[in-house]
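I am opening a notebook on a structure that is new to me. I will go through it place by place and write down what I looked up.

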Amino acid sequence: MFNRFYQPDLDIENLEVTPHLVLSSREELRLPLRWIAILYGRVTADLALTTGVHQVEDVIKGIMAGASVTMMASALLRHGIGHLGTVREALLHWMEEHEYESLTQMRGSLSQKSIAFPAAYERAQYVQIVGTLDTGR
Ligand SMILES: Cc1cc2nc3c(=O)[nH]c(=O)nc-3n(C[C@H](O)[C@H](O)[C@H](O)COP(=O)(O)O)c2cc1C
């Protein structure tokens, strides 16, 4: 969750379909993160998170939401295959610093079922957020 579908553009002057590749940004992580957190513990399947995983924090968030694995495409295209090793090292370092012994210990700890305020994952939060929004007007 969720595969990022290929989205070609249309050239309306030359009447052609034009290839278009936009690499993902970290902002896009939040959609799969929310759905993994909601589904964790409710479906009898492993959940794999894709879209917006670029740095170690994104991997940690994915695992804590409940993902069995997190996947990377754009970050590897941007930084090269060596980025995998960098993120792995950073993950081990983070886990040691925060005294986690395994990914299993982290997995699902911030899923909807595990947190004290499950409504935090619900749409109703829009209402509260809008109340605190600074629109600069
Ligand atoms: C160059 C490239 C090729 C891809 N090819 C496929 C593909 O053949 N099938 C597929 O399901 N997804 C494909 N994807 C989508 C990725 O699997 C992934 O869902 C998407 O890039 C989001 O992850 P990211 O944020 O790590 O890039 C491709 C992505 C890129 C950038």
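Is L15 buried or exposed? I found that L15 counts as exposed because it has 7 C-beta neighbours inside 10 Å, where buried stands for 20 or more other C-beta atoms within 10 Å of a residue's own, exposed for 12 or fewer, and partly exposed for what lies in between, with C-beta atoms placed from the backbone.

Before going further I noted that this is a predicted model, in which local features need pLDDT of at least 70 and side-chain atom pairs count only at pLDDT 80 or more, while totals for chains, interfaces and linings use all residues. Residues are numbered from 1 along each chain as its sequence is written.

**Entry: backbone angles**

I placed L15 in the loop between β1 and β2 (16–18); for such names, helices (H or I, at least four residues) and strands (E, at least two) are DSSP runs, numbered from the N terminus. Most residues other than glycine have a negative phi, and most peptide bonds are trans. L15 has a positive phi near 50°, and E99 also has a positive phi, near 60°. E99 sits in the loop between α4 and α5, and I wrote it down as exposed, because 7 C-beta neighbours lie inside 10 Å. For the peptide bond from M1 to F2 I noted a cis form with omega near -20°, and F2 belongs to the segment before β1 (9–11).

**Entry: the pair α1 and α2**

Two packed helices are described by the angle between their axes and the distance between the axes. For helix α1 (residues 30–39) and helix α2 (residues 56–65) I read that the axes come within 8 Å and cross at roughly 25°, the axes being lines fitted to C-alpha atoms, for helices over the stretch in contact, with angles that run from 0 to 180 degrees between N-to-C directions. The two helices are therefore roughly parallel to each other, a term for angles under 35 degrees, whereas angles over 145 count as roughly antiparallel, 65 to 115 as roughly perpendicular and the rest as oblique.

Which residues of α1 and α2 meet? L33, I36 and A37 in α1 meet K61, G62 and A65 in α2, contact being counted when the C-beta atoms of two residues, placed from the backbone, lie within 7 Å. By class, this contact has 4 nonpolar, 1 polar and 1 charged residues; Ala, Val, Leu, Ile, Met, Phe, Trp, Tyr, Cys and Pro count as nonpolar, Asp, Glu, Lys and Arg as charged, and the others, Gly among them, as polar.

I then asked how many residues of α2 are buried. The count is 7 of the 10, so α2 is largely enclosed by the rest of the structure. The buried ones are V59, I60, K61, G62, I63, M64 and A65, and they pack against α1, β3 (48–49), β4 (69–70), α4 (82–97) and α5 (103–106). Just after α2, G66 takes a positive phi of about 135°.

The largest nonpolar core has 18 residues, with I36, A37, V53, A65 and A67 having the most contacts inside it; such a core is a set of buried Ala, Val, Leu, Ile, Met, Phe, Trp, Tyr and Cys residues joined through C-beta atoms within 7 Å. I noted that α1 and α2 each supply at least two residues of this core, and that its largest share, 5 residues, comes from α2. Leaving aside neighbours within four places in sequence, A65 is in contact with L33, I36, A37, Y40, L110 and S111.

**Entry: around the ligand**

I listed the residues around the ligand, which include N3, R4, S24, V53, A73 and A75; a residue is near a molecule or strand if its C-beta atom, placed from the backbone, lies within 6 Å of it. The shell has 5 nonpolar, 6 polar and 1 charged residues.

A75 is in helix α3 and counts as buried because it has 21 C-beta neighbours inside 10 Å. Not counting residues up to four places away in sequence, A75 touches V53, H54 and H83; A75 and H54 are 21 residues apart in sequence and 5.1 Å apart in space, C-alpha to C-alpha. A73 is in the loop between β4 and α3 (74–79) and counts as partly exposed, with 14 C-beta neighbours inside 10 Å.
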